[in-house]
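Here are a few friendly notes to read alongside the model.

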Amino acid sequence: MKVVLSIAASDPSGGAGIQADLRAITAHGLYGMAVPTALTVQNTLGVTGVLVLEQEFLEQQLRAVLSDIPPDAVKIGAMPGAEHARVTAELLRKFNAANVVFDPVLASTSGATLGTVEAVELLAPVVSLLTPNLPEAAKLLGRDPAELATPAGIESTANELVKRFHTSVLLKGGHRSDGSFDDYFLPLDGEGVWLPTRVAPPCGNHGTGCLLSSSIACGLASGLPMLESIRRAKERLSDALERRLSLGYGNSPVDFR
């Protein structure tokens, strides 16, 4: 059985983080493992607290997992700081982890800080695909998000990200204001591709970034090329969004299956 490891924060409401990753991995019929980087106080209304796990404890978890069950792909989500990123990168390199998909969660939708630009820089050398949304891309490059929201701005931003972090980039268009939510994929070596988004993100979209990135990791773990993994993950996420799950008093999680 193919194995995918999630390294991310915990969401006790199950909509995002390692819980969402494990739901996606299971839905793909693969075996999921999870190493939490932080615990959150969170529900559909937002994140109200974050407890960062000690770097040494994160290291112990990663060593235990990687030395025993080598993953076929890795999904990284919230990485709370430089030391956490440094030890994660070192261990992924030591154990020859491949197919690493990094969703650089810098802040929750409600504004809670969950990651840093420095952490992204430290992890980039072991990453196969970076999947930022527009606000995250703007923060990574020190730009105004409004400058990135046009097709030309998105293509230019993807090029900057590839040059800076030396990895393939999927720049997600869910925060665009021009009526389109299409994504742009730029491989490390190759031409960029626009990927249509079939379903506009509804209110119930808690955890979409986690589900998309972990689904891409599942495709890579199964031996699919990166572009095909992205296409299939987007289609599956669109199917889930169309089901319009309604749970909680805020932004509902997604019915991914």
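Is Arg 198 buried, partly exposed or exposed? Arg 198 is partly exposed, because its relative accessibility is 38% (buried is under 20% relative accessible area, exposed over 50%, partly exposed in between, with a 1.4 Å probe and protein chains only).

1. A word on the basis: this is a predicted model, where local features need pLDDT of at least 70, side-chain atom pairs count only at pLDDT 80 or more, and totals for chains, interfaces and linings use all residues. Residues are numbered from 1 along each chain as its sequence is written, and side-chain values use heavy atoms, leaving out hydrogens and water.

2. The whole structure holds 14 salt bridges (a side-chain nitrogen of Lys or Arg within 4 Å of a carboxyl oxygen of Asp or Glu). Arg 198 pairs with Glu 242, their closest N and O atoms being 3.1 Å apart. Glu 242 is partly exposed at 46% relative accessibility. Shared partners join Arg 198, Glu 235, Asp 239 and Glu 242 into one network of salt bridges.

3. Another salt bridge joins Asp 21 to Lys 75, with 2.9 Å between the closest N and O atoms. Asp 21 lies in helix 1 (residues 17-27) and Lys 75 in strand 4 (residues 73-76), 54 residues apart. Asp 21 is buried at 0% relative accessibility, and Lys 75 is buried at 1%.

4. Ser 6, buried at 0%, makes a side-chain polar contact of 2.6 Å with the side chain of Asp 21 (N or O atoms within 3.5 Å, one able to donate a hydrogen and the other to accept it; residues adjacent in sequence count only if both atoms are side-chain atoms).

How values were computed. Helix = DSSP H or I, 4+ residues; strand = E, 2+ residues; numbered from the N terminus.
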